[in-house]
Amino acid sequence: MGILKYIFPMQPLASVEGRDIDTLMYLIHGLILVLFVGWAVYFIVVLIKFRKSNNPKVQRTSSASKISTMVEWGVAALEFLLLFAFSIPFWAVHVASKPEYKNVLEIRVVAQQFAWNVHYAGPDGKFGRASAKFLDDNPLGLDPDDPDGKDDITTMNQIYVPVNKTILISLTSKDVVHSLGIPAMRVKQDVIPGMSTTVWFTPIKKGQFEIVCSQLCGLGHYRMRGIVNVVSQMDFDRWIQEQKGNHD
Ligand SMILES: [Cu+2]
């Protein structure tokens, strides 16, 4: 596996969940590389071995060798192994089993052309009500009369999270399909209007990591970017206190 990291360099990993994704990526790309090189060598050998000067007459019998059949079965077996030993178990752990809300920091993100609106519950841990009728007043449509929303925090294109804590992001969109991509966390999740989807990751490194919209969503798609700021729990708590009640 080690050498594959040099052949297929990726952004340094910054989340717990990404390790399994990387393993799968390296294995799949490793297999594809072997197939690519194998086919290329085979092609060149055939070109030389069956060149016209050596074979002036067409031969219509096929090769008696069993190697090609064996190689085909070998490749099929490897693909089954990738699917059943790696992909499906990874899916079960990282996609199908959502972490419990009490152990995570939940953040809501509402995508729009061309920005990420981020919503935190604030110190009370309760998200304020949002409704489409308030969308003219604030980008998330927060109801100004809801007491739960008084201390809520909203930001645009900036997500603050504490390190070593699982972050559960609930996603939806105000207009078209977007996709939340955080390459360093190995996160990529489509964001669909009228539907709430979730994605989670546990950052293991402090720092700033890029968010990119990964679904062509209009003219400004290229600038639909943001930053995930991973900070210590202390700095995060301080940030929450400083920001509470700030609806941008
Ligand atoms: Cu977008």
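Mentor: A residue is called buried when its relative accessible area is under 20%, exposed when that area is over 50%, and partly exposed in between, using a 1.4 Å probe and protein chains only. This is a predicted model, in which local features need pLDDT of at least 70, side-chain atom pairs count only at pLDDT 80 or more, and totals for chains, interfaces and linings use all residues. Residues are numbered from 1 along each chain as its sequence is written, and side-chain values use heavy atoms, with hydrogens and water left out.

Helices (H or I, at least four residues) and strands (E, at least two) are DSSP runs, numbered from the N terminus. Helix α2 covers residues 18–49, which is 32 residues. From its first C-alpha to its last, α2 reaches 46 Å, close to the expected 46 Å; the expected span is 1.5 Å times one less than the number of residues. Buried in α2 are Gly18, Asp22, Leu24, Tyr26, Gly30 and Leu31. These buried residues pack against α1 (2–7) and α3 (67–96), where contact means heavy atoms within 4.5 Å.

Two strands pair if DSSP finds at least two bridges between them. Strand β1 (residues 105–112) pairs with β5 in the parallel sense over 7 bridges, and Val110 has Thr172 of β5 as its bridge partner. With strand β8 (residues 197–201), β5 pairs in the antiparallel sense over 5 bridges; here Leu171 is partnered by Thr197 of β8.
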